[in-house]
Amino acid sequence: MTDEALARRLQARIADEGPLPLDAFWREAMTAPGLGYYMSGQPIGRGGDFTTAPEISQIFGELIGLWLVEAWRRAGAPAAFALVELGPGRGQLMADALRAASLDPAFGRAARLVLAEASPAMRAAQADRLADTSPEWRDDWQAALAATNGLPLFLVANEFFDALPIRQFRLQDGQWRERLVGIAATGGFTFEPGPPGLPDDALAPDLAAAPDGAILEFSPDRAALATAIGRRLADVDGAALVVDYGHGADRLGDSLQALQDGKPADPLLAPGMADMTSHVNFARIKQAAEVAGARAWGPVDQGAFLLALGAEARADGLKRRAAPETAGEIDRALRRLTHPLAMGSLFKAMAFQPAIYPAPAGFET
Ligand code: SAH
């Protein structure tokens, strides 16, 4: 079950340009017009390729909404600001965030909502969930940031960085070589070693100690986004909250993951049919944003972050008004979001702000 047209397009490109860096292959597999995974079907929800935190419990989006109100107030409650979400999925996070934020009606009045979304199907879902507001859509994060016109920026991105492509390098006989995607004798896609060398900016752990076969991941796209957010915040004020799965320090290892209909798939087997993600290196995006002039806080574990923001009290409040059978569901959902053996510690939160501000909510040590 491959998307033949997309596979042919990638084969033609490889025949023309030679084997592709993983990020180029990944970008086509996800966003090739009309063919990429996000561009054709219903990425999340179609048989449920995966479930995200805002889909598990309304508490997630509500607490993020309150976090945004607090950050906005601390910036002097500007009367006009850009509220940007990157990759809003079905729009649940923003719907819950805006409902919670409506406790301060001035926040909603001041917000200009801009959503970065590549997928037409996801846009339709977002329009549905956010029918009470009037969002503007842009195809990618570059256009979304450009649309904010120098307004103070309040930005949220849950499981967006993990969807931006990465490159991989592999240590082979003492030399780092890029893992390129080429065409196997059988006609399918396969990894093959590129010429020796690592880009200078492939920030890396102790490379000298790396064993043969080690894999180093590096994402110019994620670094570019963190740089852009950092620069914007330093220029126009505001705050950004990034939640994703990943690690707080550099580490070696292959974290590339493809999911098709909720099950692990070979990322090279069926481009366009499976969702591709990989672990976010928070150390790298922190560094990029700080070089650009902002300050990054965390990462803190998602569980600790949500509990610090009052997730338990919110769950108790919901349970008081719920039927007894629903109370158990609320507890289970909260546990799924916060327990270290569920999403609580693999997922992490990182905040970005102008350097003048003290720790934002949930990031005080
Ligand atoms: N934040 C949502 C969805 C996460 S899935 C949630 O928590 O439920 C990633 C989202 O980003 C999807 O909506 C996907 O269509 C979108 N997306 C992925 N890559 C993108 C890109 N390069 N540009 C714009 N949107 C993208």
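Biologist: Which residues does Gly213 touch, leaving aside neighbours within four places in sequence?
Modeller: Gly213 is in contact with Arg170 and Leu171. Contact means heavy atoms within 4.5 Å.

Biologist: What sort of model is this?
Modeller: It is a predicted model: local features need pLDDT of at least 70, side-chain atom pairs count only at pLDDT 80 or more, and totals for chains, interfaces and linings use all residues. Residues are numbered from 1 along each chain as its sequence is written, and side-chain values use heavy atoms, with hydrogens and water left out.

Biologist: Back to Gly213. Where is it?
Modeller: Gly213 sits in the loop between S8 and S9. Those are strands (E, at least two residues); helices are H or I, at least four, and both are DSSP runs numbered from the N terminus.

Biologist: And how far is Gly213 from Gln175?
Modeller: Their C-alpha atoms are 9.9 Å apart. Along the chain, Gly213 and Gln175 are 38 residues apart.

Biologist: What about Ala210, buried or exposed?
Modeller: Ala210 has a relative accessible area of 13%, so it counts as buried. Its place is in the loop between strand S8 (189-196) and strand S9 (215-218).

Biologist: Which residues does Ala210 touch, not counting those up to four places away in sequence?
Modeller: Leu171, Trp176 and Leu252. Take Leu171: it is 39 residues from Ala210 along the chain, yet their C-alpha atoms are separated by 7.7 Å.

Biologist: Which ones are buried in H2?
Modeller: Leu22, Asp23, Ala24, Phe25, Trp26, Glu28, Ala29 and Met30.

Biologist: Now the ligand. How many residues surround it?
Modeller: There are 17, each with a heavy atom within 4 Å of the ligand. The closest are Thr52, Gly87, Gly89, Glu117 and Asn158.

Biologist: How far is a ligand oxygen from the side chain of Glu117?
Modeller: A ligand oxygen is 2.5 Å from an N or O atom in that Glu117 side chain. For the Asn158 side chain, the distance from a ligand oxygen to an N or O atom is 2.6 Å.

Biologist: And which part of Gly89 is 3.1 Å from a ligand oxygen?
Modeller: A polar backbone atom of Gly89.

Definitions and conventions:
Buried < 20%, exposed > 50% of the residue type's maximum accessible area, 1.4 Å probe, protein only. Polar contact = N/O pair within 3.5 Å; in protein donor to acceptor, adjacent residues only side chain to side chain.
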